[in-house]
Each structure stands twice: as structure tokens, then as C-alpha cells.
Amino acid sequence: MLFYEFFANDAQSAMINKGMPGVRVVPEPIVSECTVMEEIEAGVDGVMDDVVAALTRPLTAEEKSPKPKKVEKPSRIIFKGNLQEVNRFFYQRGWADGLPVVPPTEEAVAEMLTGTDLPPDHLVAELEPRRGKATVEKIAINAVMAGALPTYMPVLIAGVKALKSGSPNTIMMAASTGSFAPVWIVNGPIRHDLHINSSSGTLSPGDIANATIGRAMGLITKNVRGVRKGMEDMGILGHPGKYTMVIGENEEANPWEPLHVERGFKKEDSTISLLFSQSFQQLGSYGTDDKGLLRTMVYNMTPGGMGAPWLILTPVNAQSLAKRGWTKKSINDYIVENARAPRDHFPRLPGMGEDKGDPKEPVPIIRLRPGQSNPIQILVFGGLNPLIGFLSGGYTVTEKIELPANWNKLVAKYKNVVPTYARY
Amino acid sequence: MSSNKSNGQYEVLSPWAEADPIPIRGLAPRLTDLAGKKIGLLCNIKRAASPILATVERKLKERFPTSEVSWFRMQSMSVSELEPQNKAKFEEWIKGVDAVIPAVGD
């Protein structure tokens, strides 16, 4: 297998996870996505002897019959120490995310487990690529570390199911050089039970639910899925959203169907949707009526963006458009038709075949696959200002959040965990 | 008690998930020589994959003029599990080659 040498760790993990640890690999020095033929020529030239040898050198005994790896059986209590020692231990093991963690003691995990009716050893999913077992207890341990409250357990369990049902796309997105960060969108009544922010500063720090649900899912990605930075996650620039990006949709201010209803769930259901997003862009609007808002959208779509865009409308934007007769579908149709760029402004057209027309002809930035409509997802959240947002990315999966029998009691117990800011 | 708050000591559980061992497979027998053999080139849609493999093809032909190559072009960036629609075609293709060089990454 030929691969860019930067991917050595990733290639090794992939071979182990596919059950072929001995695949012969030939690292080459050609930079990703290289367009310079002289560099490709020189890079291939330098490794051709290795390529031929990989195909013809006789197999070793280990290559013919590799020995199975020993099954990991770590002890239940993995470490004892003070707060600083626990944090150093977890960090040095590669189990933390660089921020301090809450020690997952038996007591803390037991309290976290009150957030679900499921037994601790219940297997929610085996998560690719490592096929780590996401038991309820492992989810709870990572949730404690993230600083989550027990009431978030149903959301986290549904989040794990989303990672599973989204495979193999969720593997590709989490491991991509494009640094796609998971965005977790919560719909339904649970937003209010958990105080998930959907208004001013939704994506800023300061709300425990928004902060720790995403963080817990990030730790699960690392410790259960086995997707770790520079090992399996090959993101080049990285993405601060990998710490957390949790959004409550502002359904009450949304004049159209909320996301989960659009995706086939009942309005009274609570759901979590997973989207992988490469970038988050905020735009000053060109006006507060439909013409101004739509111009903002079509003039700022970029041909170099990766993945289908999500359009973020604040409540005032959504209502301005709706009262002038716009629907999600007509907004989609308008953007697809009017967001254009000259053909030679595109870095490439993946999956769209060769496009050899006039390089200066304006062509649609968003190209529909056969049978596709509404390629742009529209989400309503944020404060009361006409700023418009784009999340570029793609691939979405939605899971229903199942609540334990004692949900109301549980919610009441943690309902007052909210910040109170003193005036100064 | 697993933690003793009076002396600030914590006994902590492991966040690292267990995993069943993945059945492992050895490599297919190697070729003794590439002369006269058909070499498969497995290519995804990443921009550099095709020119890199085209260069490999040319250099193989220079070294082993009697060798042949056969291309399989994936329709996505990732592994074949993503392409169930192409699985049958892929399996047919793989039967017809003596060895494969994948260039499916960046």
C-alpha cells in the first residue's frame, strides 16, 4: 500500500483494525493532494524499489501467520492518586483532551448511572474503528471526566447510537485531514429539561450542557472509538469544535418544521443529530428583508468549501423570510440556482466527473446529485440579530433520545444547576 | 470506599473501552517476479491518487515490459465498505489480477 509518509500512524491503526497488521506499506514523500507532476514523478521514483520488493520479497513466518494480539483486560480500578496525579495519569495515557478532568471514582460513576435505566454492562454499541465496547458504564466514566450531569446520560447514549448508525461515514469524517468536528444538535422537549442553549451565544462557552455533552462525546471518540489526534484523527489544521459543539435548535422561534420533524420524528420526541462540520462562518447580513438575507447567502458561498453547507438563521432572519413566503425548499432552490462561481475557481469537483467547460463561465457552487433536492439544511438558533451563519460539512444522522422512567424526578434534582451572573 | 476525600485520594475507573480481538489474517503469497503478471492499481477519488498510480504504471512498464496493469477506480474517498454498489465489480476485478497496489489515501 502506497501512502503519504505523514499517515504512518493512521495506516498502522487501520491495518490492525482491519485484521491485517502485516500489510506491506510503502510510505512516499508526495504531499497530500499534490498537483505538481515533477514532485509525483520524483516521489514515485524514489520508492519504486520498495514497491517491487513489497510485491516480491518472500513472506516471513509472521507475515504468513501473524500471532493474535493478547486480549486487553485492564483492572477495574486503574489508578489511585490525588487530583493532580489522576489528571497527569489520564493525560499521559492519552485518555484526556488537554483540559482537567473530573476523577471518575466509583461514587461519581454511580451517580452518573442514575441517569439511565440501563444496567452498567449494557452494550450500547461497538464503535469503529477500534470496535471499542461502548457499555453504559464506559459512557458514564467518560461523562464524569467531562463534567457532565447524570441527566445527560440519555443524550450521550443516543449520541453513541448515532456514531454507530452513521458508520462508516462517521469514521471517515472523524479521521479526515479536513478536521471535521462533530456538531451535536438537540431537538425536542429535553432542551428545556437540560437547559441546552439555543439562543444568545449558543456556541460559546458557559452552558454546562452544551459544554460537557460535546466534551463527553469527544472523550468517547478517543477512548472508546480509538480516534486520537495524529494517530487515527489526521486533521491537518484541527478544529476547536472537537472540544464541543452542541446546539439546541430554537424550535419555538422557528417558523418552519424543526430539524427532527423534517427528519421523520414527532415534534414531542427528543432527538440528537450528528453532523460533521469543517468550518463555521458568520456573516453580516446585506439587509434584514428577504432580498438582503438571500444576497448574503448566495454571495458568500465559496467554491473551496468542503461538504454541503448548513445555513444557520437566527430567529429574526427565519421569521423575516417566512413572513415573506419563503420556505426551506424555496430557499434551497434559490441558493442552488443563484450561488455561482467561475468554473476555474473550484479546487476540484469531487464525485462530479470532469467538467471541461469554459473556465470563466459561472457554474452552480452546489451541484445536486441525481434525485437530490434540498441539499442545504436550515437550522434556527442564536440571539436576536440578523447575522447569518454557515456550517460547512455534511453527513447527518439523527437518533431518538430515550428517557428513564424517573425522568421528571431526575430533572428536578439537577434543574437548578444554572449559572447566576452577579451585576457589577 | 473507592475515594477518600479526607486525604484527597481518588481511586479511578478506566475510560478506555474493552474490545474483542479482531481476527487477523496473514498476507497472500508474494510473486516471484512481476514479469508477465497483471498488477491491479486501486485508486480512489483523492486528487493525487490517479497521477501517482499512473506514474507507478509507467515505471512498472519500464522495468517489466511484459507486465500488465488493471485499474479499479473507486467512486469515493474511503474504503470499499462505502461502496456496496461496487462490491461485486470489485470482487470480480480482484480475481483477475496477480497483485494489487492501492493508493487510496492522500
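This report describes a predicted model of a complex of chain A and chain B.

## Basis of the model

Residues are numbered from 1 along each chain as its sequence is written, and chains are lettered from A in the order in which they are written. As the model is predicted, local features need pLDDT of at least 70 and side-chain atom pairs count only at pLDDT 80 or more, while totals for chains, interfaces and linings use all residues.

The predictor gives the complex an ipTM of 0.91 and a pTM of 0.92. The mean pLDDT (the predictor's confidence in each residue, from 0 to 100) of chain B is 86, and 85% of its residues score at least 70. Within chain B, confidence is lowest in strand β1 (residues 3-4), with a mean of 50, and highest in β2(B), at 97.

## Chain A as a whole

Chain A contains 15 helices and 13 strands; these are DSSP runs numbered from the N terminus, helices being H or I of at least four residues and strands E of at least two. Its C-alpha atoms fill a box of roughly 70 × 65 × 45 Å along the principal axes.

## Domains of chain A

An automatic or database assignment sets the domain bounds. Chain A is divided into domain 1 (2-64) and domain 2 (89-346 + 357-414). The C-alpha centres of domain 1 and domain 2 of chain A lie 35 Å apart.

Six residues of domain 1 are in contact with eight residues of domain 2 in chain A; contact requires C-beta atoms, placed from the backbone, within 7 Å.

## Where chain B meets chain A

In the interface, 48 residues of chain B are in contact with 71 residues of chain A. On the chain B side, β2 (9-13), α1 (49-63) and β5 (99-103) each supply at least two residues.

Strand β3 (residues 77-81) of chain A runs antiparallel to β2(B), and four bridges join them. Strands pair if DSSP finds at least two bridges between them. In this pairing, Ile77(A) has Leu13(B) in β2(B) as its bridge partner.

Note on methods: Contact = placed C-beta atoms within 7 Å.
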